[in-house]
Amino acid sequence: MKKSSELDEIKKLHLPRHVAFIMDGNGRWAKQNGLERSDGHAAGAEVAEKVVRLCNDVGIKYCTLYTFSTENWKRPTEEVEFLFQTLVYYLESKSPEMIERGVRIRFTGHIESLPEKAFNTAQNIEKSSEHCDKLHMILALNYGGRQEIWDAFLRMYEQVKNGEIKESVLHDENSEFLRSFLNLPDVPDPDLLVRTSGEKRLSNFLLWQLAYSEMIFTNVHWPDFDKVEFFKVLSEYSKRNRRFGGLKMP
């Protein structure tokens, strides 16, 4: 009888449909290892690729990576430029194989404000992969949770002003209606948020969508977040009892 692999055992667990990651600790990892911050970001990009592969392997449908926030523009210019150069490199070099493996590559945030090369690359790859549906990899770029909610209200207001929807809907307590104006309304809320490097905050990430998500915080810096750590996180999630504000489920 063939022995079950570790991957087979993980697949038997109750796994999240959608996992979101705050990939924290690249700079601290680099400092601890006597390296430049850019080395930490490069190592972090490699880990992001591996994590997406693992999500695909175990059957997770959606994976959202907090790649660049609206606040990250405050970082030194050289670091920001390196981040986008790294992003473009990975998108251009890795996307053909990802698309072949059924990965749809999507973006959330104000990507129109990215450097021209990064914006054009993102647009092209998003279009090239739109037929894929095995895994949706979503990169949050120039993204802020408060901004997304504000943008949703503005979209809704425009439709009311133009007579496309009735003003009375603004008085309805229907959160699902507002969802239709978010950046990616077809994407289900994350079942699980993972943040690395020991920090325990949301940092303006998916503020609407994370309302009832399970959260797991690990002290491991993102460049050290490997298969063993990821499978530990998935095992922990499988033991959680999600009640969504109700009583314990049988």
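1. Asn204 lies in the loop between strand 5 and strand 6, where helices (H or I, at least four residues) and strands (E, at least two) are DSSP runs numbered from the N terminus. Although Asn204 is not a glycine, it has a positive phi of about 65 degrees. At 16% relative accessibility Asn204 counts as buried, a word used here for under 20% relative accessible area, with exposed meaning over 50% and partly exposed in between (1.4 Å probe, protein chains only).

2. As for the basis of these notes, this is a predicted model, in which local features need pLDDT of at least 70 and side-chain atom pairs count only at pLDDT 80 or more, while totals for chains, interfaces and linings use all residues. Residues are numbered from 1 along each chain as its sequence is written, and side-chain values use heavy atoms, with hydrogens and water left out.

3. Ser203 is also found in the loop between strand 5 and strand 6, and it has a positive phi, of about 55 degrees, although it is not a glycine. With a relative accessible area of 30%, Ser203 is partly exposed.

4. Which residues does Ser213 contact, leaving aside its neighbours within four places in sequence? They are Pro190, Asp191 and Arg242, contact meaning heavy atoms within 4.5 Å. Ser213 has its place in the loop between strand 5 and strand 6 and is buried, with a relative accessible area of 10%. A polar atom of the Ser213 side chain lies 2.5 Å from the backbone oxygen of Pro190.

5. The open sheet is formed by six strands in the order 3-4-2-1-5-6, and their pairing is parallel; two strands are taken to pair if DSSP finds at least two bridges between them. Strand 3 (103-108) and strand 6 (214-217) stand at the edges with a single partner strand each, so one side of each is left without a neighbour in the sheet. From one strand to the next the twist averages 20 degrees, the axes being lines fitted to C-alpha atoms (for helices over the stretch in contact) and the angles running from 0 to 180 degrees between N-to-C directions.

6. Strand 5 (residues 192-195) pairs with strand 6 in the parallel sense over four bridges, and four bridges also join it to strand 1 (residues 18-22), again in parallel. Leu192 stands opposite Glu214 in strand 6, and Val19 stands opposite Leu192, whereas Arg195 stands opposite Phe217 in strand 6. In a regular strand the side chains alternate between the two faces of the sheet. Both faces of strand 5 are covered, with Leu192 and Val194 buried on one side and Leu193 and Arg195 buried on the other.

7. Ile216, which has its place in strand 6, is buried, with a relative accessible area of 9%. Not counting residues up to four places away in sequence, Ile216 touches Leu192, Leu193, Val194 and Arg195, together with Val233, Glu236, Tyr237 and Arg240. The C-alpha atoms of Ile216 and Gly40 are separated by 22 Å, and the two residues are 176 residues apart along the chain.

8. Six bridges join strand 3 to strand 4 (residues 135-143), and the two run parallel; the bridge partner of Val103 in strand 4 is Leu135.

9. Helix 5 (residues 116-128) has 13 residues and reaches 18 Å from its first C-alpha to its last, close to the 18 Å expected at 1.5 Å a residue, where the expected span is 1.5 Å times one less than the number of residues. Its residues Ala118, Thr121, Ala122 and Ile125 are buried. Seen down the axis of helix 5, the buried residues fall within an arc of 100 degrees, so they line one face of the helix, the arc being that of the directions from the helix axis to the C-beta atoms. An α-helix has 3.6 residues a turn, so residues three or four places apart point the same way.

10. What covers the buried residues of helix 5 includes helix 4 (77-100) and strand 3. The exposed residues Glu116, Asn124 and Lys127 are carried on the face of helix 5 turned away from its buried side.

Definitions and conventions:
Polar contact = N/O pair within 3.5 Å; in protein donor to acceptor, adjacent residues only side chain to side chain.
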